[in-house]
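Me: I would like to go through a few features of this structure one at a time. Please start with the strands.

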Amino acid sequence: MSATLSTALDVPCSIPPTLDPRRPIWFNSPNRLRSRRCTISCSKSPPKAPPDLSEPRPENSSLSDQLRHISTTILSDNPTQLLAKPKSTWVNPTRPKPSVISLQRQKRSQYSYNPRIRDLKLFAKKLNECEPSEAAFMEVLEEIPHPLNSENALLVLNSLRPWQKTLLFFNWMNTQDLFPMETIFYNVTMKSLRFGRQFQLIEDLANDMIDKGIELDNITYSTIITCAKRCNLFDKAVEWFERMYKTGLMPDEVTYSAVLDVYAKLGKVEEVMSLYERGRASGWKPDPIAFSVLGKMFGEAGDYDGIRFVLQEMKSIEVKPNLVVYNTLLQAMGKAGKPGLARSLFEEMVESGLKPDEKTLTALVKIYGRARWARDALELRERMRANGWPMDFILYNTLLSMCADLGLEEDAEILFEDMKGSEHSRPDSWSYTAMLNIYGSGGNVEKAMKLFEEMSEVGVDLNVMGCTCLIQCLGRAKRIDDLVRVFEVSMERGVRPDDRLCGCLLSVVSYCEETEEDVNKVLACLRKANPELVLFIGLLGNEEIDFEAIKEKFKSILSSTNVDARRPFCNCLIDICRSRNLHGRAHELLYIGTVLGLYPGLHTKTSEEWRLNVRSLSVGAAQTAFEEWLGTLAKIIEQQEALPKIFSANTGAGTHKFSQGLAGAFEEHVKKLAAPFRQSEEKAGFFVATREEIVSWVQSRISSLPVTA
């Protein structure tokens, strides 16, 4: 008896349509041919004689005639149902060919199939919501819904958010001794403690692991090191990183970046580069965070070559900088004093498709302001407006400060009005201070006073810097009554005078020496701010006080003064002495200031040129220093010592729009002394004289002295 085997075969049969005798056969597209399927059944039966293929076929036979021999031999009388054709699998041609999948798949966590997972999560939620006390926590623990095993415990431990409760649950598990405490339990607990910045507890857990012989893996060390970094315990971070290396474990990307940052903050540049090269040699590919750390480190040191190294490394390993890296590198370029390269880097960032944020624009504005690139700064402002780039509170104030430094009054007023119309960046005390600085530097007293009244109306407090700018403006305009009123109102509003404000009042005293009444009003304000300073001004006019007493008292005042305000104090006191015709005291104060290091670089000497640098001096101090220098030169010429070819005095060019300019006052004093110095045609702010001119002038002065018997 034969056994019948039936199967469904997909045999495409193309049935041509009726041919048009007037149309060539090659115009009948095969795509238009109808396709049919047939089922072929195979049965095991006695063999039959094969068909005689040599039998002649009629021309243009139909398809049924062609298949008749097949149907009589292999087709079943009872065909089976046609099976559906399986769908084809699409393969993405852009992706690499997948590797052969291993039959041993990675096992999924068992608790994902745990039917008790819902109960355990509800239990963990109840632990999170209980009172933050150990007694309340232990009371809830008694309600645990199911017996605890390692999988259930890990689920609950992962679900606890306050680090205190995570630690309580971990310690409770340790006391129960239900299952071995593996590394993963310590790692989860440490990560929770890291959120709370509890490094000491993390280190205690790590030491506990070492005592019990539990392995510390890469995650353990990474958690310890990153927590130490967050807690600013940089020495601890380095200690645990070195311990990690001794065990033979290779750090991951996060650990490398964290330790690089630690070394950078410790100022260990060599260790940073050594670690970087060691990581690269081991196959580590730095991420943008690591390059951000390197860029920040080189920027703090002002190392342009280091910044260039970072850029080259990123290009060589094809790491695309993100916005954080660009911001860090821009700040580094600013500290390295490379505004042109910072501009190029910014353009590169924009061309790459990244949109600058507030930090990017703030860093660039500071760089332009420091370099005094007013045109570039204003162009950047227009691009911000045109492109809709974000403007936050800090950026607005930075732009205003830049305008104040560069004397851009009109642009500052436009920005200030924009801030007033802004919903989220309305002007604060620093915004008003920048405007007061601009008006004060430009001598625009009316606008400055109007702004002061506006601050009272809108409820913006005047800070000490704004008070200083306004007092300086009123002092130069000789509006002493308004000055006193501003000072008293500021004191009533809680402004505490600092050394800069005291220096400003000192300078006003030197302006107002013509009117004793005005001087007394300003001194009354200064007495409230610094009574010791007013007492010292009185001592300067007392001829009975000798030089040593003046020196000790002045040293006492400077010791209690901020370092940045010591030289302005000395400058203003010299100005006061000269305005009161106390030239001897002025020379004494200049000598004391020079001895105490307040005027570094006042004199520079080369074989070709001797120079007097008075750029950082006030008008009175510069005049005093010039007189002192001429006296010294006269003594050198009398002693017939060697002299250079050129003598020069540098007063500075006064590039600020509102700069009063020391050069004009210095030139008048040179003419008054009939000294042979003239303004240089090549360098602005320089007064030069030749050796022959100086010698001739000194000899003429000696010969003009009256001869005594």
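Reply: Asn613 stands opposite Asn650 in β7. Strands are DSSP runs of E of at least two residues, and helices are runs of H or I of at least four, both numbered from the N terminus. This is a predicted model, in which local features need pLDDT of at least 70 and side-chain atom pairs count only at pLDDT 80 or more, while totals for chains, interfaces and linings use all residues. Residues are numbered from 1 along each chain as its sequence is written, and side-chain values use heavy atoms, with hydrogens and water left out.

Me: Which strands does β6 pair with, and in which sense?

Reply: Two strands pair if DSSP finds at least two bridges between them. Strand β7 (residues 646–650) runs parallel to β6 and is joined to it by five bridges. Strand β5 (residues 603–605) is antiparallel to β6, with three bridges, and Lys605 stands opposite Trp610 in β6. Three residues lie between β5 and β6 in this hairpin.

Me: Is β6 enclosed or open?

Reply: Buried means under 20% relative accessible area, exposed over 50%, and partly exposed in between (1.4 Å probe, protein chains only). Strand β6 (residues 609–613) has four of its five residues buried, so it is largely enclosed by the rest of the structure.

Me: How do I check the length of helix α21?

Reply: The expected span of a helix is 1.5 Å times one less than its number of residues. For the 14 residues of α21 (residues 429–442) that should be 20 Å, and the end C-alpha atoms are 20 Å apart, which agrees.

Me: What surrounds α21, and what lies at its ends?

Reply: Of the 14 residues in α21, 10 are buried, among them Tyr432, Met435 and Tyr439. Contact means heavy atoms within 4.5 Å. The buried residues of α21 pack against α19 (393–406), α20 (409–421), α22 (445–458) and α23 (464–476). At the N-terminal end, Asp428 caps α21, with a side-chain oxygen 3.2 Å from the backbone nitrogen of Trp430. Just after the helix, Gly443 takes a positive phi of about 75°.

Me: How many disulfides does the structure hold?

Reply: A disulfide is a pair of cysteine sulfur atoms within 2.5 Å. The structure holds zero. Cys467 is in none, and the nearest cysteine sulfur, that of Cys504, is 8.2 Å away. Cys467 is buried at 0% relative accessible area, and Cys504 also counts as buried, at 7%.

Me: What does Ile471 touch?

Reply: Leaving out residues up to four places away in sequence, Ile471 touches Leu483, Val486, Phe487, Leu501, Cys504, Leu505 and Val508.

Terms used
Polar contact = N/O pair within 3.5 Å; in protein donor to acceptor, adjacent residues only side chain to side chain.
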